Amino acid sequence: MSLGVNEIRRGLAKGKFSSVEITRDYLARIARYNPTLNCFISVTDEIALAQARAADAALAKGNAGTLTGVPLAHKDLFCTDGVRTSCASRILDNFIAPYDATVVANFKRDGAVMLGKTNMDEFAMGSSNENSYYGSVANPWNTGHVPGGSSGGSAAAVAAGLAPGATGTDTGGSIRQPAALCGVTGIKPTYGRVSRYGMIAYGSSLDQGGPFARSAEDCALLLQTMSGFDARDSTSSEQAVPDFGAALGRGIDGLRIGLPKEYFADGLDGRIAAVIETAIGELRRLGADIRDISLPNTRLSIPTYYVVAMAECSSNLARFDGVRFGYRCENPVDLEDLYKRSRGEGFGAEVKRRIMIGTYALSAGYYDAYYLKAQQLRRMIKDDFQQAFTDVDLILGPTTPEVAFRIGAKTDDPVSMYLQDIYTISLNLAGLPGMSLPVGFVDGLPVGMQLIGNYFDEAGLLNAAHSYQQVTDWHLQAPELEA
Amino acid sequence: MSDWESVIGLEIHAQLATRSKIFSGASTAFGAEPNTQACAVDLGMPGVLPVLNREAVNMAIRFGVAIDAEIDHHSVFARKNYFYPDLPKGYQISQYELPIVGKGHVFISPSEGEHLEIGITRAHLEEDAGKSIHDLFPEQTGIDLNRAGTPLLEIVSEPDMRSAKQAVAYARKIHSLVRYLEICDGNMQEGSFRCDANVSVRRKGEQKLGTRAELKNINSFRFLERAINFEIERQINLNEDGASVVQETRLYDAERDETRSMRSKEEANDYRYFPDPDLLPVVITDADIARIRDALPELPEQKKQRYINDLGLSDYNAELLTANRETAAYFEDALGDAPDQCAQLANWILGDLAGALNRAGLEITAAPITPTMLAQLMQRISDNTISGKIAKEVFEAMWQGEGAADDIIEARGLKQITDSGAIEALIDAVIAANPGQVEQFRAGKEKVLGFFVGQVMKQSQGKANPGQVNQVLRDKLKP
């Protein structure tokens, strides 16, 4: 089974199958393959079937929404009313959200069916999905390898056909990197395009929700539902949301695409570079005007990101204190013991590491040297992009320096793990939209190509990716699964 | 003692009178069942986000305009990070750099004829925490988050005050101002208006500030004065004993009338302030400020100047009448009914009415005598219907609820006798009855006139016009 969101939508509209039928098919695939892949933390069979039945009724009455009856999965940091929202953390293992995230509510509004909640790195902190209280996710292309992170469960679920589409979040690459490593299409929109309400925060100034799917066309449809101003998120944008689907098919003749030399420098696997070169050739054949550009401050993006994201997370995660919800330690002797043990036992190692680094960076005497300096660098990184966009319409490069690595290969070396995000992280610092699409394989593992757009130009990104996908079939490749 | 000078600055937390909280839609009403007015945002649930209540910003600007402060066009909310069970998010949203209200000032008159300008360093917006309730459950602490997220304006003064009396005058001034502006109900018992005092002492003539202590837990002006005086004395004694003052937070204990050190651990907090990424910087345009300035009510200082210049009131009376908006409103209402009775009204409001209210423990808004009733009384004095002395009796009867002045005068037959025939008849009778005193007067003993006036007034039951009585008596007693 390798149906896409749009195919399902058309099939439902034509009555080729019912939502209940297709939902049952997906639930059956999840039951069969999830024990190996571990993509899902929670499978919501009953809710899915109830929603599917309601969708079939709506379809029969002819009052279907844009996604009525289409089964989808949500990353387990989007709050879902009445359903556990764990953030892949022990500290929220027992947390049942009393409300829907705006993104989740939007999907309900448009009629989508929720299959379940997908695995992830704990609190979205990680690039391999190995930092989950519920265990690693396996890459469907090679189960000994990681799917990337932090939205690894969503990416792997779409790659394995356990869901035609899924939501993710991207703080430093958490949609684009797993999309690349799992061979699916994923887009991180402009900061502010998608409401963060009900999306459990990691780095508030960087976090942005977005979809995974099998194609740019499918991503366009899902992003349409996710986007738009939300009065409950002060940082969401009032910028009008264009019809992303209608923007597809414009072609890319004359589109100016910049290749930052820093994205093709040392550290990039030469075989990936070769795959990307081939993809660039396709784009050139489609009429793109390929230019060399420079983003001189790229190397500063990782240290900058790790100060900003960790500073914010150290504060964002303070609310998990064992007092009002979530995990509380057994028999605390006093308040301090309650805090220390609830948090000490509730959080995993990487989360604790980031909270401690962030706390340090914000401490009296270090604030100027770290947090303030990082804000200055952030501005420089943003300026690099602004400068580049005076000359080009899109920026292109590899999504990751390597293909999916073996599970456990980098767990003892956090810095090497952090370097996986070298090409993706600067967009979050700048707030720009970016996407990853599959463009080939190295060692049987997918290679992702990243496209970066100017502010609120998701339509431009999706159009370019769609143009490429019209003449190639990398996005249609599917792994053979072991049950 | 006189070698020492005390230096005092106040931090005042005024709870803003918005209907909903500063970052959520929950109600701010006081006194609801615990945790019934705390929504997901107030509870700091995962994934929720704050949305600024613009009304709180407008109220802060209102205050800023009223104290003639600099108001930045760009203001930022910051997170103040610390762990406490009644602080749901593990941080308080406050302002650190770039507060809404910058430097301003107010004028105070701690005593008659004394005028001081007190600088205000800044005023910033922040959210209140919840309440920890330690005495309700054995060995457990209850947490009520109804108050969490209530908007506060923290008003920080310069260390410009030199005595507890000045500090109280300043606190009262701010209290009056926020109520004039209708941005705070000023209820100190419910905690809507809280004062912390920074107190230090230094030798007179010394420029450098001494080490300060911060006094907390003060919930009345009386306690503010006492706490500061206790602390000044404690610090002077320490200095004179050769010991040093420790920088710390001290709690005022009203029952024992003393300040006590809080655990020093609380002081070791590093709040790790940083701009809150969930909230955009607040943008305030000149047009916003102008609109708020134009809608400002007359402020106490302006009112006071108007009373002095246009109504001819004394500086002292003008200050007292404008000290709170209710008193000023009472005065102005009464003046509307009796426009030519300005001085009389001021004296009666600040004298008899204030005394009666004080004895009854009532606010002026609850006075049984309305401004209209008082105005009528003034007019009856002025048009000689009654004397000032009889007016006191009428006032007392009005206070007891016997009706308006005219009704009481009528019912009790208090109308002043101005009919000269009637007065002459009374005088003739008194003269006839006291031949001895007539002789004494005619022999040059002027003082005896008082005796005759007294007798006539007594015979008239106080209703004869005293001026007239005096005049007629003099004529008739002439030898």
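Helices (H or I, at least four residues) and strands (E, at least two) are DSSP runs, numbered from the N terminus. The model is predicted: local features need pLDDT of at least 70, side-chain atom pairs count only at pLDDT 80 or more, and totals for chains, interfaces and linings use all residues. Residues are numbered from 1 along each chain as its sequence is written, while chains are lettered from A and ligands numbered from 1 in the order in which they are written.

**Stop 1**

Select residues 152–159 of chain A. This is helix H5(A), mostly covered, with eight of its eight residues buried. A residue is buried if 20 or more other C-beta atoms lie within 10 Å of its own, exposed if 12 or fewer, and partly exposed in between, with C-beta atoms placed from the backbone. The buried set is Gly152(A), Gly153(A), Ser154(A), Ala155(A), Ala156(A), Ala157(A), Val158(A) and Ala159(A).

Step back to Gly149(A) and Ser150(A). A cis peptide bond joins them, with omega about 10°. Ser150(A) sits in the loop between strand S3 (113–118) and H5 of chain A.

Now pick Ala124(A), in the loop between S3 and H5 of chain A. Ala124(A) is not a glycine, yet its phi is positive, about 70°. Ala124(A) counts as buried because 30 C-beta neighbours lie inside 10 Å.

**Stop 2: Pro189 of chain A**

Select Pro189(A), in the loop between strand S5 (185–188) and strand S6 (208–213) of chain A. Is Pro189(A) buried or exposed? Pro189(A) is buried, because 30 other C-beta atoms lie within 10 Å.

Show its contacts next. Two residues are in contact if their C-beta atoms, placed from the backbone, lie within 7 Å. Leaving aside neighbours within four places in sequence, Pro189(A) touches Val194(A), Gln208(A), Gly210(A), Leu223(A), Ser227(A), Pro433(A) and Glu458(A).

**Stop 3**

Move to chain B. Select the open sheet of eight strands, ordered S5-S6-S9-S1-S10-S11-S12-S13 with mixed pairing. Two strands pair if DSSP finds at least two bridges between them. Strand S5 (104–108) and strand S13 (258–261) of chain B are the edges, each pairing on one side only. Neighbouring strands of this sheet are turned by 30° against each other on average, direction ignored. Axes are lines fitted to C-alpha atoms, for helices over the stretch in contact, and angles run from 0 to 180 degrees between N-to-C directions.

Zoom in on S10(B), residues 193–203. This strand is mostly covered, with eight of its 11 residues buried. Strand S1 (residues 4–15) of chain B runs antiparallel to S10(B), joined by 11 bridges. Find His13(B) opposite Arg194(B) in S10(B). S10(B) is also antiparallel to strand S11 (residues 213–218) of chain B, through four bridges. There Cys195(B) faces Ile218(B) in S11(B).

Return to S1(B). S1(B) pairs in the antiparallel sense with strand S9 (residues 151–157) of chain B over five bridges. Ala14(B) stands opposite Leu153(B) in S9(B).

One more pick here: Asn217(B), in strand S11 of chain B. Asn217(B) is not a glycine, but its phi is positive, about 70°. Asn217(B) counts as partly exposed because 18 other C-beta atoms lie within 10 Å.

**Stop 4: domains of chain B**

Colour chain B by domain: domain 1 (4–288), domain 2 (298–412) and domain 3 (420–477). These bounds come from an automatic or database domain assignment. The C-alpha centres of domain 1 and domain 2 of chain B lie 36 Å apart. Their contact takes nine residues from domain 1 of chain B and eight residues from domain 2 of chain B. On the domain 1 side, the largest share, five residues, comes from helix H2 (residues 164–180) of chain B.

**Stop 5: H13 and H14 of chain B**

Select helix H13 (residues 435–442) and helix H14 (residues 448–459) of chain B. They pack at an angle of about 140°, with their axes 9 Å apart. H13(B) gives Gln437(B), Gln440(B) and Phe441(B) to the contact, and H14(B) gives Val448(B), Leu449(B), Phe451(B) and Phe452(B).

**Stop 6: where the chains meet**

Show both chains. The contact takes 36 residues from chain A and 24 residues from chain B. On the chain A side, H10(A) gives the most, with three residues.
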